[in-house]
Amino acid sequence: MSGTSPGLQPPADAVKPVRHPDAPAPGELLGAHYGQCFGCGGDQPHGLHLQARAGEGVSITAEFTVRPAHQGAPGLAHGGVLATALDETLGSLNWLLRTIAVTGRLETDFRRPVPVDTTLYLEAEVTAVAGRKIYSTATGRIGGPDGPVAVRADALFIEVKVEHFVQNGREEEIRAAMDDPDQLRRARAFEVNP
């Protein structure tokens with residue numbers, strides 16, 4: 001990660017990430033961790049509806065199509081929406097570690113505009129782990145996995161306990177997620193960065 005700011009450089013004692021034995025298999029669709037999530041949830045009419053798949057090692061691929069509701073300048077994706085797509089993709093990596101983590105820092109580089117109706121293909125991987133800190137990187141390409149790079153990001157995620165969400169989230173949504181009779185959906189609601 002040359003050119004990365006000091007806060008995103010793993011320390012000398014960082015270790016190589018290890019994929020959890022119970023992580024989804026390579027190629028498996030991860031699905032939404034929470035229906036109301038703006039990044040991946042299917043219940044958000046103007047959300048990204050980002051689709052992520054487990055990759056090899058501690059990597060994932062994802063994609064989303066920029067819709068008119070996602071524009072900033074006329075006909076172009078809003079930079080904040082692109083940063084959200086990167087954050088969602090990077091956060092999904094934690095599913096492969098089976099770790100609950102939140103974004104501590106996200107540094108984004110915008111390389112070229114992304115037009116409305118364009119599909120952005122994202123690749124992300126965890127590069128190092130140091131205690132509760134998880135270092136990762138992502139790239140977004142226009143039109144396909146080999147298309148031109150439009151955006152990229154480096155991130156630092158911090159491992160947290162589920163209490164982080166319970167103590168800081170809005171009570172109504174927390175209660176609804178915790179009362180969900182589907183045990184898997186209930187657990188996954190708190191798996192990744194909200």
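A salt bridge is taken here as a side-chain nitrogen of Lys or Arg within 4 Å of a carboxyl oxygen of Asp or Glu. By that criterion the structure holds two salt bridges. In one of them, Asp109 pairs with Arg152, with the closest N and O atoms 3.1 Å apart. Asp109 lies in strand E3 and Arg152 in strand E6, so the pair ties together parts that are 43 residues apart in sequence. This is a predicted model, in which local features need pLDDT of at least 70 and side-chain atom pairs count only at pLDDT 80 or more, while totals for chains, interfaces and linings use all residues. Residues are numbered from 1 along each chain as its sequence is written, and side-chain values use heavy atoms, with hydrogens and water left out.

Arg152 also forms a salt bridge with Asp154, where the closest N and O atoms are 3.2 Å apart. How buried or exposed are its members? Burial follows relative accessible area: under 20% is buried, over 50% exposed, and anything in between partly exposed (1.4 Å probe, protein chains only). Asp154 is buried at 2% relative accessibility, and Arg152 is buried at 16%. Asp109, with a relative accessible area of 29%, is partly exposed.

Strands pair if DSSP finds at least two bridges between them. E6 runs antiparallel to E3 (residues 101–110), and nine bridges join the two; Phe110 stands opposite Val151 in this pairing. Strand E5 (residues 133–142) likewise pairs with E6 in the antiparallel sense, over nine bridges, and here Ser136 stands opposite Ala155. Six residues lie between the strands in the hairpin of E5 and E6, where Gly143 takes a positive phi near 80 degrees.

Now for the chain as a whole. It has five helices and six strands, defined as DSSP runs (H or I, at least four residues, for helices; E, at least two, for strands) and numbered from the N terminus. Their order from the N terminus is β-β-α-α-β-β-β-β-α-α-α. Of the 194 residues, 44% count as buried. Contact means heavy atoms within 4.5 Å; among contacts between residues at least 6 apart in sequence, 65% join residues at least 24 apart. The chain exposes about 9800 Å², of which carbon and sulfur atoms supply 51%, with areas from the Shrake-Rupley method and a 1.4 Å probe.
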